[in-house]
Amino acid sequence: METENTLENKRKFFALYWGQRVEKWNGRTSPSLVDSSTFGDYNMRHNWLELKPLSQISDEDAIELCDIWYNRRHNSLGSKIARSLDKSHLTWNTKISLKAHDYLRSKGYALPWVGLSVEEQIEYGWVKFKSN
């Protein structure tokens, strides 16, 4: 079942990025903090999260992600592995997957959520990719 484009679902999704400076809405030039002011009906109709695509993962984040997966450093492999991520890599082990998802979200990356792909999040207007 596809996750519907409702304000309730959008609130749940935005809550995953609580405390991060990734919220934008019409008229704002820079992102603001996702906090309690984010979740009012008016804001939820007009805001989105400005996130990074996983394909643009930094070497530092890729190495950290590799450390989460293998519980050790694989500096030369980290970037290569993380740049080839797909859904199966992020869901193969629940414990590692949750840590990896939490880490990537904490760094402002867009990830699938409750069966909703990043592309669908963009279609719903919940996410826009951060421009470099």
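I call a residue buried under 20% relative accessible area, exposed over 50% and partly exposed in between (1.4 Å probe, protein chains only). This is a predicted model, where local features need pLDDT of at least 70, side-chain atom pairs count only at pLDDT 80 or more, and totals for chains, interfaces and linings use all residues. Residues are numbered from 1 along each chain as its sequence is written, and side-chain values use heavy atoms, with hydrogens and water left out.

**Salt bridges**

I looked for a side-chain nitrogen of Lys or Arg within 4 Å of a carboxyl oxygen of Asp or Glu, and this rule gave me four salt bridges. One of them joins Arg105 to Asp102, with the closest N and O atoms 3.6 Å apart. Arg105 counts as buried at 12% relative accessibility, while Asp102 is partly exposed at 48%. Another joins Lys24 to Glu50, again with a closest N and O distance of 3.6 Å; both Lys24 and Glu50 are buried. I also found Arg11 bridged to Asp41, their closest N and O atoms being 2.3 Å apart.

**Charges over rings**

Next I checked for NZ of Lys or CZ of Arg within 6 Å of a ring centre and within 35 degrees of the ring normal. The charged end of Lys128 sits over the ring of Trp48, 3.8 Å from its centre. Lys52 has its charged end over the ring of Tyr109, 4.5 Å from the centre.
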